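Dear colleague,

Please find below the structure that I am handing over to you.

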Amino acid sequence: MFTAEASNDKPSYAIFFGGMGATTAIVFSALGAAYGTAASGIGISSMAIGKPEMIMKSMIPVVMAGIIAIYGLVVAVLIAGSIDKDYTIQKGYVQFGAGLAVGLAGLCSGIAIGIIGDSGVRGAAEQPRLFVGMILILIFAEVLGLYGLIVAIYLYTKF
């Protein structure tokens with residue numbers, strides 16, 4: 001592991017990096033979830049005009065987008081809970097990286113879910129056989145956020 005001199009190990013700005021890690025985790029993953037929810041909601045609203053019986057079945061992309069925010073919340077709470085008076089700069093850097101990992105992966109995943117959800121529910125309204133394909137593609141988009149969560153937790157456990 002990393003070693004540091006006692007005087008330089010715990011500078012006053014070390015906690016800033018931990019706080020920014022928690023912030024980036026929740027903010028970017030919530031942005032992705034919000035975009036995914038909004039874009040999917042637009043598709044659901046458009047689809048519901050012609051096929052209102054498919055509204056509940058078409059809510060899957062919205063639920064999947066919401067899960068992305070939970071990934072960021074988990075990491076943000078872990079990071080925030082570990083900040084104390086013995087917080088080192090190395091721990092701050094690593095936890096900042098963990099927050100970026102889950103936050104940016106969640107942002108990308110949420111954008112993908114929104115695009116897939118918008119066009120997928122519209123397409124499934126026209127051709128019901130597209131529904132299973134839409135779900136599979138949504139799963140692949142969701143797992144991108146899960147990869148970010150796995151990397152973030154792995155980084156979090158390093159210190």
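**Findings in the predicted model**

The model is predicted. Its largest nonpolar core has 27 residues, and those with the most contacts inside it are Val75, Val102, Ile113, Met134 and Leu138. At least two residues of this core come from each of four helices: H1 (14–50), H2 (60–82), H3 (89–126) and H4 (130–156).

Leaving aside residues up to four places away in sequence, Val102 touches Ala25, Ser29, Tyr71, Gly72, Val75, Gly148, Leu149 and Ala152. Val75, one of these partners, is also among the core residues with the most contacts.

I turn next to the surface. Ile70, Val74, Leu78 and Ile153 make a nonpolar surface patch of about 290 Å². Helix H2 gives the most to this patch, with three residues. Isoleucine 153, a further member of the patch, is located in helix H4.

An unreviewed UniProt entry places the feature "domain: V-ATPase proteolipid subunit C-like" at residues 20–79 and 96–155. In the model, the span 20–79 is 85% helix and 0% strand, and its end C-alpha atoms lie 10 Å apart. For residues 96–155, the span is 95% helix and 0% strand, with end C-alpha atoms 10 Å apart.

With kind regards

Note on methods: Residues are numbered from 1 along each chain as its sequence is written. This is a predicted model: local features need pLDDT of at least 70, side-chain atom pairs count only at pLDDT 80 or more; totals for chains, interfaces and linings use all residues. Side-chain values use heavy atoms; hydrogens and water are left out. A nonpolar core is a set of buried Ala, Val, Leu, Ile, Met, Phe, Trp, Tyr and Cys residues joined through side-chain atoms within 4.5 Å. Buried means under 20% relative accessible area, exposed over 50%, partly exposed in between (1.4 Å probe, protein chains only). Contact means heavy atoms within 4.5 Å. Patches are made of residues with over 30% relative accessible area and no salt bridge: like charges are joined within 9 Å, nonpolar side chains (Val, Leu, Ile, Met, Phe, Trp, Tyr) within 5 Å. Accessible areas come from the Shrake-Rupley method with a 1.4 Å probe; for residues, only the protein chains shown count as cover. A salt bridge is a side-chain nitrogen of Lys or Arg within 4 Å of a carboxyl oxygen of Asp or Glu. UniProt positions are given in the numbering used here, feature names are shortened, and annotations may be inferred rather than shown by experiment.
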